[in-house]
Amino acid sequence: MPKLVIFRGDAVESEIRLTGNTVRIGRHERNDVVLDDGLNGVSRFHAEIRPEGSGYAIVDLNSRNGVWVNGRRIKERAPLSLGVPATVGAFELALEDDVSGTDFQPAAAQATAVAVRSGTSAPRQTGSGGSGTRPQQPAARTAARNPVVLWSVAAGAFVLLCVITYAIFKYSASKPVQTVATTPPATTPAPPPEPAALPTTAIPPEKTPEQVAKELNDQDLAQARDQIAAGQPAAALREHIQPVLERSPDNADALDLKHRAEEAMARPAKSAPAKETRAEPEIEGVTRRPNEPYDDYQARAKRLSSGIIEGKNALDKQEYATAVARFRAVANDQPRYMGVDGLLSDALERQRLALEEAIKTGGRAEQAGAWKTARQWYQRALEIDPTSTAAKANQAAVYGRLTTTATTLYNEATFAVKSQDPQLALAQFQKILDLLSPGDELWEKAKRESELLKK
């Protein structure tokens, strides 16, 4: 039974027994023998080993780098002779007669075939030096594996047998006959049996290289169309269209798909749809300024409306200064907006009347000696109108008098503390607390000293 031995350089990559079936060879994992060539010298579907008569032939499947036998590139097919290598990329394929049957490492041979089918190389064998060269077979095994040597040995044995028979016959004829006896005639040794012919099994008609290439092309073109439709033109070009063009450079469908894929790759991505132009209506009572963005225009109108509302609320709370500030800001930005001019006039008038009333009440309290009350009314007047000079002057005058009185009381309380009269000191500190307000410097000191005395 013949076997196919695959070499890479001087090292044996793998072996596979040939059982009368077609063996496909190439770089793609769907092949029966996968040749992993990093230099891409082996095409995806490179060649086939086909049974032909009593032997085998190698068929080139329109590969890019071809198949070479005895240093010559074959056109379509060439018979494989025992021991004559066929070159495929960086590999050499040699046909050998495996007469060992099941005597020599059947498990290893089966494992090698599986390794080749899965795309991995079988373990390389090394010579005696372990250098990775082709192994040297023992002489007996080499003779047994070579049919020429086998027949030579058989012929030699036959000749030797004839010579021995002839010598015996001559020796017997030269001796005197003692008795008459019937001797059987010398029998001629039977020739060695003819080698059994290889079984002639009905081999189905094989596909031509053109038919195989067409089937592969149809599969790749169908997958390329699907990938282009799915928006993957680069993958279609790389994985399917280019292999078709390697096998059939003039394939019209592949050239058309290549053109479509390149156009899809060069086409810019679809831009996002333009935003719809929104309507920009005018806001009642608010004039849009020249070149004012609509968003800014809307924000300004919102501020104007809020200013009117805040001004009215402040006016209801008698927070006249706040109301006047809000109405004035709106009037400066957009005169006559929602009657802002009338609202501002009303707020100013009410502010003026409230200011006069606060100053008069503070003056009456000051005349009655109620300095703290007078100070509170003058403070209220400043809240009504922070710009009132009369309220500022009266408030400062009253605060000065209160501070003078509080200073005198503080000195008296301090003297009482030194005199060890805590009751008098506490009484003077309390007067300061009643006279001034929290936050005043002397009020804070009196509060602190009073708490110390109470401990």
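Tyrosine 294 and tyrosine 297 sit three residues apart in helix H7 (residues 294–316), a spacing of about one turn of the helix. In this predicted model, both tyrosine 294 and tyrosine 297 are buried. Their ring centres are 5.9 Å apart and the ring planes meet at 50°, so tyrosine 294 and tyrosine 297 form a tilted pair. The structure holds two aromatic pairs, and the other partners are tyrosine 410 and phenylalanine 429, with ring centres 5.8 Å apart and planes at 55°, so this pair is tilted.

The pair of tyrosine 410 and phenylalanine 429 brings two helices into the picture. Tyrosine 410 belongs to helix H11 and phenylalanine 429 to helix H12 (residues 422–435), so the pair ties together parts that are 19 residues apart in sequence. Are these two residues buried or exposed? Tyrosine 410 has a relative accessible area of 18% and is buried; the cut-off for that class is under 20%. Phenylalanine 429, at 1% relative accessibility, counts as buried.

The packing of H11 against H12 gives this pair its setting. Two packed helices can be described by the angle between their axes and the distance between the axes. For H11 and H12, the axes come within 8 Å and cross at roughly 160°, and the two helices are therefore roughly antiparallel to each other. The crossing of H11 past H12 is left-handed. On the H11 side, the contact is made by Leu402, Thr405, Ala406, Leu409, Tyr410, Glu412, Ala413, Ala416 and Val417, while H12 supplies Leu424, Ala425, Gln428, Phe429, Lys431, Ile432 and Leu435. Sorted by class, the contact of H11 with H12 has twelve nonpolar, two polar and two charged residues.

H11 (residues 389–418) also packs with helix H10 (residues 371–384), at an angle of about 150° and with the axes 9 Å apart. H10 and H11 are therefore roughly antiparallel to each other, since angles over 145 degrees fall in that class. Their crossing is left-handed. Here Trp371, Lys372, Ala374, Arg375, Tyr378, Gln379, Ala381 and Leu382 of H10 meet Ala391, Lys392, Asn394, Gln395, Val398, Tyr399, Arg401 and Leu402 of H11. This contact of H10 with H11 comprises nine nonpolar, three polar and four charged residues.

Helix H4 (residues 209–229) packs with helix H5 (residues 233–247) at an angle of about 160°, the axes being 9 Å apart. That angle makes H4 roughly antiparallel to H5, and the crossing of H4 and H5 is left-handed. H4 contributes Ala213, Leu216, Asn217, Asp220, Leu221, Gln223, Ala224, Gln227 and Ile228, and H5 contributes Pro233, Ala235, Ala236, Glu239, His240, Ile241, Pro243, Val244 and Arg247. Eleven nonpolar, four polar and three charged residues make up the contact of H4 with H5.

These details belong to a protein with 13 helices and eleven strands. Of its 455 residues, 32% are buried. Among contacts with a separation of 6 or more, 50% link residues 24 or more positions apart.

Terms used:
Residues are numbered from 1 along each chain as its sequence is written. This is a predicted model: local features need pLDDT of at least 70, side-chain atom pairs count only at pLDDT 80 or more; totals for chains, interfaces and linings use all residues. Side-chain values use heavy atoms; hydrogens and water are left out. Axes are lines fitted to C-alpha atoms, for helices over the stretch in contact, and angles run from 0 to 180 degrees between N-to-C directions. Helices (H or I, at least four residues) and strands (E, at least two) are DSSP runs, numbered from the N terminus. Angles under 35 degrees count as roughly parallel, over 145 as roughly antiparallel, 65 to 115 as roughly perpendicular and the rest as oblique. A crossing is left-handed if the near helix is turned anticlockwise from the far one by less than a right angle, and right-handed if clockwise. Contact means heavy atoms within 4.5 Å. Ala, Val, Leu, Ile, Met, Phe, Trp, Tyr, Cys and Pro count as nonpolar, Asp, Glu, Lys and Arg as charged, and the others, Gly among them, as polar. Rings of Phe, Tyr and Trp (its six-membered ring) pair if their centres lie within 6.5 Å; planes under 30 degrees apart count as stacked, over 60 as edge-to-face and the rest as tilted. Buried means under 20% relative accessible area, exposed over 50%, partly exposed in between (1.4 Å probe, protein chains only).
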